[in-house]
Amino acid sequence: MHTAVPQASKADDAGPAASSGAGNGHGDGNRNATATTDPGGVPFAALTPEALRRERTSIKWTRYPDDVLPLFVAEMDYAIAPEVQQAIIERVRASDTGYLDGPGPLAPAFAGFARDRWGWEVDPAHVHLCTDVSVGIVETLRLALPDGGRVAITTPVYPSFFEMLEELPVEVVEIPLATDPTAGPRLDLDALAEAFGSAAGIDALLLCNPHNPHGLLHSEADLTELARLASAHDVFVVSDEIHAPLTHRGRSFVPFAPIAASAGVASVTVTSASKGWNLAGTKCAMVIAASAEDDTLLRRLPPEVACRASILGLHANVAAFSRARDWLDEAIRRIEENVNLLKDLVASQLPGVRFVPPEAGYLAWLDFGATRIADDPHAAILREACVALGDGRTFGRGGRGHVRVNLACPPQTVRDAIARIAPITHPDDAEETS
Ligand SMILES: Cc1ncc(COP(=O)(O)O)c(C=O)c1O
């Protein structure tokens with residue numbers, strides 16, 4: 001049985017509010033000061049929205065007009081890790097830009113990371129390559145459920161899960177997370193048991209671990225019970241673990257695969273360095289079988305699935321998992337600082353807004369349900385505050401009244417966003433904004 005190990009970080013000796021770039025040779029060198037640079041030492045002053053809009057061409061910087069502060073899509077404002085930049089540049093210089101035939105060096109690189117961070121022994125032979133996590137999920141489910149079936153997701157959840165499942169002949173079953181106003185969200189194991197055991201049953205569960213949008217780390221006890229239920233009802237589990245490398249200090253991420261393997265649950269994990277190191281555009285991810293039996297399924301993935309991954313992305317992933325761990329730790333520190341900052345700003349400037357701080361990742365889920373813009377906070381904030389956030393309604397049941405905020409940015413960007421949003425949530429403005 002897998003034993004959860006706390007996030008190993010050389011930053012463990014510092015308090016959660018402490019941050020610095022010290023230790024990786026690129027940082028700002030003061031372990032106790034609030035960071036003034038990104039994880040690789042680029043000054044935050046060079047990463048303002050105005051500067052990034054001039055430099056970058058991704059959706060974050062092109063979807064909305066210049067006066068909109070974009071905190072919607074899950075991209076980082078930080079410069080990518082120097083080790084990753086170097087790896088990509090080297091491959092380009094070598095004109096090594098052809099097709100891939102499999103995970104090659106990525107399998108041992110990820111296995112080393114999973115062992116060191118989470119105590120998960122990945123068999124490199126069970127690692128398969130795919131274009132991105134989304135493709136890995138779709139192609140795995142296409143194999144596992146050739147005749148379609150009922151796929152459960154625990155909402156509110158990453159909106160693209162709905163879009164991915166539309167590519168398959170499956171029925172989506174939403175099983176909302178349990179929400180306890182004091183303890184925060186968690187898997188609703190009673191509801192999952194009921195759905196798994198119902199007459200219609202559930203064929204597969206698409207688990208989000210850690211869970212986007214809340215940044216929730218499922219506990220080992222909950223995952224163990226989930227595995228027991230999946231085993232009893234023959235439910236195939238796809239665990240999306242893309243946010244796991246961004247587990248905050250002092251928290252434990254529990255990979256599902258070892259639990260699935262010991263419970264006899266058919267399961268695969270889909271993951272990548274794309275979220276932890278901001279490499280979505282480099283197009284490379286992995287599907288990992290939980291057991292030798294699950295690997296027989298993944299061996300039937302069409303060879304095209306590996307061929308469609310990017311060779312630049314593969315080398316970027318290798319560099320990230322093996323050589324850019326210090327950068328990752330520094331990114332986590334900055335995210336934690338922004339979480340604390342947001343907590344203070346919400347408390348002081350957004351009366352009635354509820355916020356359960358994330359335990360992993362850089363996304364924050366804000367509940368505007370008790371405010372005067374409860375009906376559609378996303379539209380009101382975009383229209384009146386010129387801040388683009390994730391629209392809670394697109395996350396499925398339980399998402400109404402909520403927005404998702406991206407905190408992988410300079411702290412000043414967070415301050416600016418809340419300063420724009422605060423006036424429109426105040427009761428005095430009810431006339432103009434209702
Ligand atoms: C939970 C989750 N899964 C998958 C993705 C998309 O990953 P990819 O770009 O590798 O398809 C995201 C992106 O934010 C995500 O949050």
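Which of the 14 residues around the ligand come nearest? And where does strand β9 stand among its neighbouring strands?

Author: The model is a predicted one, in which local features need pLDDT of at least 70 and side-chain atom pairs count only at pLDDT 80 or more, while totals for chains, interfaces and linings use all residues. Residues are numbered from 1 along each chain as its sequence is written.

The residues that come nearest to the ligand, out of the 14 around it, are Ala74, Asp132, Val133, Ser134 and Tyr158. A residue is near a molecule or strand if its C-beta atom, placed from the backbone, lies within 6 Å of it. Sorted by class, this shell holds 7 nonpolar, 4 polar and 3 charged residues. Here Ala, Val, Leu, Ile, Met, Phe, Trp, Tyr, Cys and Pro count as nonpolar, Asp, Glu, Lys and Arg as charged, and the others, Gly among them, as polar.

The strand β9 may now be placed in the chain. Domain 1 covers 44-79 + 325-425 and domain 2 covers 84-323, with bounds that come from an automatic or database domain assignment. The centres of the two domains, taken over C-alpha atoms, are 25 Å apart. Domain 1 gives 27 residues to the contact and domain 2 gives 33 residues; two residues are in contact if their C-beta atoms, placed from the backbone, lie within 7 Å.

Helices (H or I, at least four residues) and strands (E, at least two) are DSSP runs, numbered from the N terminus. A residue is buried if 20 or more other C-beta atoms lie within 10 Å of its own, exposed if 12 or fewer, and partly exposed in between, with C-beta atoms placed from the backbone. In a regular strand the side chains alternate between the two faces of the sheet. In β9, Ser267, Thr269 and Thr271 point one way, Val268 and Val270 point the other way, and all are buried.

On one side, β9 pairs with strand β8 (residues 236-240) in the parallel sense over 4 bridges; two strands pair if DSSP finds at least two bridges between them. Val238 has Val268 as its bridge partner in β9, and Asp240 stands opposite Val270. β9 is also joined by 4 bridges to strand β10 (residues 285-289), and these two run antiparallel. There, Val268 stands opposite Ala289.

Strand β8 is covered as well: 5 of its 5 residues are buried, so β8 is largely enclosed by the rest of the structure. Phe236, Val238 and Asp240 lie on one side of β8 and Val237 and Ser239 on the other, and all are buried. Strand β7 (residues 204-208) pairs with β8 in the parallel sense over 5 bridges, with Ala204 opposite Phe236.
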